[in-house]
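The sequence and coordinates are shown first.

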Amino acid sequence: MAVVSWKEILLLTGLVVGCYWNSVSCGFVFDDVSAILDNKDLRPSTPLRNLFLNDFWGTPMAEERSHKSYRPLTVLTFRLNYLFSELTAASYHLLNVVLHAVVCVLFLRVCRLFLDKTSSLVAALLFAVHPIHTEAVTGVVGRAELLSSIFLLAAFLSYTKSTGADRSIVWAPIALTVVLVAAATLCKEQGITVIGICCVHEVFVAQGFTLPMLLDTLRRFLQGKDGFPYAVLQTLLKLIVLVISTLLLVIVRVQVIQSQLPVFTRFDNPAAVSHTPTRQLTFNYLLPVNAWLLLNPSELCCDWTMGTIPLVESLLDLRNLATLVFYASLGLLAYHSLRHRHSSARTVIMALSLMVLPFIPASNLFFPVGFVVAERVLYVPSMGFCVLVAHGFRIVSHKGHWKKISWLVIGVLLTTHAVKTFKRNWDWESEYTLFTSALKVNKNNAKLWNNVGHALENQNNYAKALQYFLQATRVQPDDIGAHMNVGRTYKNLNKSKEAEDAYLVAKSLMPQVIPGKKYATRVAPNHLNVYINLANLIRANESRLEEADQLYRQAISMRPDFKQAYISRGELLLKMNKLTEARDAYLRALELDRTNADLWYNLAIVNIEMKDPPEALRNFNHALELNPRHKLALFNSALLMQESGDPKFWPEANRRFLIYVEEEPGDANGYFNLGMLAMDASENAAAERWMRRAIALQAGFRSALFNLALLYSQSKRESDALPALDELLRHHPEHVKGLILKGDILMNHKKDTRGAKACFERIVRMDPTNVQGKHNLCVVYFEERDLPRAAACLEETLAMAPNEEYVRRHLSIVRGKMAAMSAAGEPLASAGGGADGKEEEEEEEEAPGRGAGVGEEGRGEKNVRTSSAESLGGADQTKSPEEVSDIEKKRAAALRRLEEIERILSGD
């Protein structure tokens with residue numbers, strides 16, 4: 001066996017890098033989105049064991065909607081990429097290029113078993129640059145092909161060493177082969193087919209049998225003329241080991257998918273649901289279609305489903321000639337290679353085994369798959385094709401007058417293929433470029449029109465996206481997904497009537513229930529989203545909530561494991577204030593998926609609405625155990641802890657708010673609540689810093705401005721409080737508590753009675769029934785020494801609040817003062833008592849202070865933003881013990897000041 005030199009390795013690697021370096025600048029497109037961006041199994045927070053419980057896309061294998069593609073080793077490499085670079089696409093593409101180079105080197109080593117040094121290098125070079133590999137190398141999900149091929153070739157190379165120099169069996173390479181086959185299969189299912197390649201090599205290459213020899217040996221054995229030769233027995237023993245290993249792997253694989261095939265629709269593979277002979281004719285015609293892609297990869301397409309290849313419905317269809325030519329060519333090659341023992345025959349039989357056997361699982365001939373044609377599944381079969389081309393080159397180049405021409409042809413072929421591959425990589429730069437390039441090849445595939453629409457939709461170009469979605473419905477009028485896309489786009493364009501009409505069309509295309517047949521097996525899970533989308537649309541109308549609920553229940557009846565239906569119904573029931581039913585809906589969803597952090601979060605929201613904060617906090621914690629950086633759970637659980645009033649929760653609440661602002665650095669609410677926690681802990685410097693950060697992010701942030709001013713006021717920094725209040729009132733001129741606080745500071749600290757009077761008069765103009773504002777205005781009249789007006793004002797205030805003892809007492813004081821002044825013959829309008837005004841404002845400081853302001857201003861604004869807000873806002877109606885204590889201290893101080901004022905008035 002000729003080894004591979006370093007020069008050849010460098011040549012192949014350089015050629016691969018030259019063809020694929022531009023792929024590193026491509027993003028995540030098409031299937032990459034589901035396998036990488038949306039796959040939670042890549043995240044370090046997901047247990048490693050989940051990789052062996054879920055399919056390639058992160059869906060539990062036990063679920064019916066699972067694709068049943070079990071490739072945990074491939075997903076493990078994605079996870080390693082994520083560990084080093086998270087979702088930076090360049091690292092994923094770079095690793096794919098490296099893996100392709102490794103495959104090329106291993107393939108060259110395999111070719112050396114059947115070809116000479118030159119022609120084997122030609123085969124490896126052609127494999128390195130063939131454009132059909134673009135999908136497998138440039139598409140990140142194609143890594144499954146790359147990894148599987150590495151283990152497949154390694155397993156084959158190991159098996160070729162299982163025969164000793166004396167033609168005895170060497171078991172160590174066979175054991176290693178079985179391990180490598182298992183690894184190949186855990187990367188992609190077709191890896192198991194290397195067992196068949198090993199069997200072909202053992203019989204026709206290692207043992208040198210031909211088909212006539214095998215038939216003659218079998219005939220003589222059956223006639224009793226002779227027994228099996230020792231070489232045949234050795235071969236049978238090795239084949240039995242390989243077959244048993246294959247069966248064990250198949251059994252394990254069947255157990256993994258729980259004996260269930262994935263659910264595919266007629267849109268994925270139209271021929272799979274067609275009747276005889278259409279199904280057989282179409283599937284057999286797909287074989288020459290794939291062969292033609294290897295021969296002439298000029299028109300490549302990322303998606304060959306739906307109407308890309310029309311069904312072959314008649315024996316008279318001319319395309320059947322292509323099928324006949326393909327089988328005839330394949331038969332002639334097989335006939336030639338199986339009847340002779342020379343090296344050319346052995347090369348051809350191994351090329352055919354590499355080309356045919358790995359393709360069988362994707363051929364649709366034995367069981368349906370979820371695609372019509374997929375270029376990436378030709379990655380391994382193309383190895384056999386390249387061996388055939390190199391073998392033909394060797395034969396022709398040995399004929400003197402054809403030698404130069406053969407080299408010229410190979411040179412042109414390698415050059416054109418390399419250029420085509422390089423140009424094809426750019427198509428994978430983005431979803432828009434990928435799908436528009438596919439439409440140039442095929443305009444009869446509604447899925448391509450839909451996908452271009454999705455790409456435009458992601459750019460918020462809804463008007464143009466709608467044109468593509470509508471074209472998809474024209475190309476495939478019964479495409480449920482296309483009508484759903486139309487409906488969603490109309491909704492984004494705020495055209496609710498058109499959106500509802502489109503959803504109703506999609507709903508009418510759903511398969512009808514057949515008695516005795518399970519509905520879930522006949523419909524794609526994503527098509528049931530039409531019920532969810534329609535219900536989500538109509539529930540915006542308060543009068544149609546019951547109708548929306550009926551749609552959710554209909555979806556659940558069709559597919560009892562439809563998790564999203566329970567989630568959406570729970571949200572609706574919460575809106576309808578049917579809290580017990582909402583809780584039950586979320587609990588049912590959790591039975592289907594206990595690892596979904598969003599479900600635990602939603603359940604916590606229901607607990608808050610049901611006035612059960614401890615249970616809500618437990619469920620928030622469940623969500624954070626599953627996803628420690630779940631933003632809504634972080635924020636609302638911290639808010640719940642903060643509003644509990646229990647200081648033991650404050651450190652953890654602070655930690656969660658800090659993580660939240662790391663995740664959402666542009667959300668002012670996170671910094672505001674950090675400021676509120678700091679105020680609770682009397683950490684004034686930190687509180688000021690967080691409040692200012694919140695205001696910098698959100699100009700005119702009402703709650704932050706008010707509480708910052710309050711913080712300054714409580715810290716005896718009234719001069720700093722006034723600018724904050726001025727900014728607050730500039731953005732919110734009707735902010736009552738801001739006006740009260742400003743009036744208090746102006747009258748009691750700045751001695752600006754006129755300014756204070758303007759604040760309180762504005763309050764009374766806005767709300768004549770506001771006792772607090774009215775009372776403070778009365779105090780201003782007293783401060784201005786207008787006792788009759790102050791008395792009249794207090795009488796009006798007492799009429800509005802007859803149970804307020806302090807108003808009654810102040811009225812009594814003013815009346816007593818008036819009586820004393822009248823008895824002394826002093827004018828009532830000039831009577832004074834500035835201390836009384838200060839006392840009143842001091843007492844009222846409790847109203848604009850922390851107790852009355854924070855709950856309404858702080859928590860309330862945040863609660864509008866999230867679904868948990870209303871309930872958390874409600875929790876603020878009950879003040880914490882610390883807040884109550886603070887209020888009582890202020891009341892006691894106010895009463896002491898009141899007594900002092902009464903003594904002053906009496907003495908005066």
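**Salt bridges**

The model is predicted. Across the whole structure, the search returns 40 salt bridges. Three of them are set out in the table.

| Pair | N to O distance |
|---|---|
| Glu375 and Arg424 | 4.0 Å |
| Asp427 and Arg424 | 3.1 Å |
| Arg539 and Glu571 | 3.3 Å |

The side chain of Glu375 meets that of Arg424 in a salt bridge. This pair links distant parts of the chain, 49 residues apart: Glu375 is in the loop between α14 (343-356) and α15 (381-397), and Arg424 is in helix α16 (residues 403-427). Glu375 has a relative accessible area of 1% and is therefore buried, the cut-off being under 20%. Arg424 is buried as well, at 3% relative accessibility.

Arg424 also forms a salt bridge with the side chain of Asp427. How far apart are Asp427 and Arg424 in helix α16? They are 3 residues apart, so about one helical turn separates them. With a relative accessible area of 21%, Asp427 is partly exposed, whereas Arg424 counts as buried.

The salt bridge of Arg539 with Glu571 has its closest N and O atoms 3.3 Å apart. Arg539 lies in the loop between α22 (529-538) and α23 (545-558), while Glu571 lies in helix α24 (residues 563-575), so the pair ties together parts that are 32 residues apart in sequence. Arg539 counts as buried at 15% relative accessibility, and Glu571 counts as partly exposed at 33%.

A disulfide is a covalent bond between the sulfur atoms of two cysteines. The search of the whole structure finds 1 disulfide. Which cysteines form a disulfide? They are Cys778 and Cys793, with their sulfur atoms 1.9 Å apart. The link of Cys778 and Cys793 is left-handed, with -80 degrees about the S-S bond. The pair connects distant parts of the chain, with Cys778 in helix α36 (residues 771-783) and Cys793 in helix α37 (residues 787-800), 15 residues apart. Both cysteines of this pair, Cys778 and Cys793, are buried.

Cys19 is in no disulfide, and the nearest cysteine sulfur, that of Cys104, is 9.3 Å away. Cys19 counts as buried at 4% relative accessibility.

Cys111 is likewise in no disulfide; its nearest cysteine sulfur belongs to Cys386, 8.0 Å away. Cys111 is buried, with a relative accessible area of 1%.

Arg655 is part of helix α29 (residues 650-663). Its side chain makes a polar contact of 2.6 Å with the side chain of Glu652. Is Arg655 buried or partly exposed? Arg655 is partly exposed, because its relative accessible area is 40%. Between the C-alpha atoms of Arg655 and Leu674 the separation is 9.4 Å, and these residues are 19 residues apart along the chain.

Asn602 is found in helix α26 (residues 597-609). Asn602 is buried, with a relative accessible area of 12%. Apart from neighbours within four places in sequence, Asn602 is in contact with Ile567, Glu571 and Tyr586. Glu571, one of these contacts, is also the salt-bridge partner of Arg539.

**Cavities**

Rolling a probe the size of a water molecule over the atoms shows where empty space is left. How many cavities of 30 Å³ or more does the count give? The count comes to 6. The largest cavity holds about 40 Å³ of space.

Residues lining the largest cavity include Leu286, Asn290 and Phe359. Ala362, Ser363 and Asn364 also belong to the lining of the largest cavity, as do Phe371, Val372, Val373, Ala374 and Val377.

Conventions
Residues numbered from 1 in each chain as written. Predicted model: local features only at pLDDT ≥ 70, side-chain atom pairs only at ≥ 80, totals over all residues. Heavy atoms only, no water. Helix = DSSP H or I, 4+ residues; strand = E, 2+ residues; numbered from the N terminus. Buried < 20%, exposed > 50% of the residue type's maximum accessible area, 1.4 Å probe, protein only. Polar contact = N/O pair within 3.5 Å; in protein donor to acceptor, adjacent residues only side chain to side chain. Disulfide = S-S within 2.5 Å. Contact = heavy atoms within 4.5 Å. 1 Å grid on protein atoms, 1.4 Å probe; cavity = no way out; pocket = protein on both sides within 12 Å on 5 of 7 lines; lining within 4 Å. Points joined across faces, edges and corners; volume = space filled by probe spheres on them.
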